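The following exercises concern an interface between two chains. Work through each task before reading its solution.

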Amino acid sequence: MTAVTTPRGVSPRFDGSLSSAHACLSFAVALRDDWLGHAFSTRPADRPAAEAALAGLYRLAGAPPPRFRWVPSPAAAQPVLRAERPAFTRPRLRAGEAPARWADWPVASRLASLQSALRTRLARRVEGPGQLWRRQRPPWSLAARTTADEDGLDDGYALRDILWTAVHDPLRTSVLDGPRPAIRTALLPAAGTEPLGLTFHGQHDAHWIGHHDVQARLGLASYPAGDARGLALWAAVARSAGWWWPGDGVCVVAERPVEVHTEPPPGARRGERRLNHPERPAVRYADGAAVYALYGTAVPRWVVTDPTVARIHGEPNVEVRRCAIERLGWDTYVDEAGLHLLATAPDPGNPGSHLRLYHVPRHVWGAPGRVLLAVNGSAEPDGGRRRYGLSVPAGIDDPVAAAGWSYGLTGAQYARLARRT
Amino acid sequence: MPTSASASASVTLADLTARTGLDVLAHLEREVTVPVVAGLQAQGDLIVVPLALLGDDVTVPPRAPWQTVPAGGVELLRGVAGGNPHTLVADPGTCRWTWRAGDRQGLALGVLDAREVAYLIHPEHGGTGIAPGRYAVRRQRERGEGTGRFGNRFIAD
């Protein structure tokens, strides 16, 4: 491995040898964790750095540096956007009304277009993950399910393939599928209301910036100088601030949260993290704006603080309903929701446990249905066994047939179950 | 009960985790022998079904690519948010796996073909042994919001 000095410091440069590949991979993993650190950072914003980078992006969009209005959270941005409304009105995407010249578009539209074009050009410089089988050897994307990244190198897989699973995928699942939608749902106006301004995600752009940054620092992708400078500006914003809303002449920027709780998903091997706190907000900003999440699922506050049957039945999102029922406990839910027990049967393969099939009256879920209550085959850490409910078709009257249906089997087939763990 | 007790069946959960590097939650009993089952068995949201039991519901095309299950195992399914994998493990060279199985119910992840005992490991459910033979591995579904066949959804615990 040779070390080369770049404007960002000393980076290993990939020269194709195995020892070099191992060094590059561990460097890439360190960079990935660094970017995850930025995405989940709770430090106060680095305002001078953020303002300098945002002014640089405005310059790329052909606009003079804006005034900056800092707010403590994305929730606090909305009143400011309303107060500064003329600067944040969105153009209508109708041919007859759209401005003809680039310079006449609002700065937010120009920035969105710059970002999108930059990402397209950067993506062209990075080779996609290989998908081909070679004889009996699966492509890395499949092999990665069972092989540690380091072992993949020893098995002859290419570093550039391994970086997709070692860097790109964990950043994406942890950031793009994690705090971004959770914060948007909890703190920004609901869909259907007229949105003001265009949201940019600052620290929560770390997934695409990190991916391209790692490729460049390892010397696996080279970007044209202009694109490298553009990427550096987006990266500087992601390292220094929370979400932001560019307007003409004024830019609203949110601080980062003051509290973030995550856990590695069970079995995570590549640094993945998901939002979770069983009692408190998983994300909290200085002004009290809060986002609740359980095991990676974003939920309304009541699911964590006060789940009730009435609230569960008023909740349209099935994932949220499931989370809430599990917090309440399936037994309690079945009692309080007034489900009618149709039949019980010993659970084949799960000695001492019973399957309980309930009828769900039409008024409960809006359509008649059945719920099968089963007991886990293995014990929880507290020694108890978790009950769980499965929704099954309304025509099934036999608990064993209902359990069989869930695996595509008949009742008679499922009755032969020898063991459940 | 089609539970065999061959010599290779005296494997404990501790042996399996040591052999594969996969881990399970601390409360699971590690020193008890993992039973080996020749018939139908379920591990959480997965079920292992002898192919013979399914008739022609699950088939493997003649040119399907098979992979030898490596020492680290084949991860069959992950739970929500990337967690809790079910991993198929076996002594090197004794078990094959293919993802290319056709299933009329659309639930099969693939088919395994074990010459010796293979195992399924899961962080919460522990380990279970699979006697030599051919099996389909299916995932679990539940009735979804919509109606009809495509109104169903998969379980991911």
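**Exercise 1.** Which side chain of chain B meets Arg322(A) in a salt bridge?

*Solution.* The model is predicted: local features need pLDDT of at least 70, side-chain atom pairs count only at pLDDT 80 or more, and totals for chains, interfaces and linings use all residues. Residues are numbered from 1 along each chain as its sequence is written, chains are lettered from A in the order in which they are written, and side-chain values use heavy atoms, without hydrogens and water. A salt bridge requires a side-chain nitrogen of Lys or Arg within 4 Å of a carboxyl oxygen of Asp or Glu. Glu142(B) is the partner of Arg322(A), at 2.6 Å from N to O. The count between chain B and chain A is 2 salt bridges.

**Exercise 2.** State how much area is buried between chain B and chain A, and which residues lead on chain B.

*Solution.* Buried area is the accessible area (1.4 Å probe) that two parts lose on being put together, summed over both. Here the value is about 3800 Å², and carbon and sulfur atoms give 52% of that area. On chain B, Leu40(B), Gln140(B) and Arg143(B) supply 14% of what the chain buries against chain A, more than any other three residues.

**Exercise 3.** Which residue of E3(B) is the bridge partner of Arg419(A)?

*Solution.* Strands are DSSP runs of at least two residues, numbered from the N terminus, and two strands pair if DSSP finds at least two bridges between them. Strand E16 (residues 419-420) of chain A pairs with E3(B) in the parallel sense, over 2 bridges. Gln41(B) is the bridge partner of Arg419(A).

Terms used: Helices (H or I, at least four residues) and strands (E, at least two) are DSSP runs, numbered from the N terminus.
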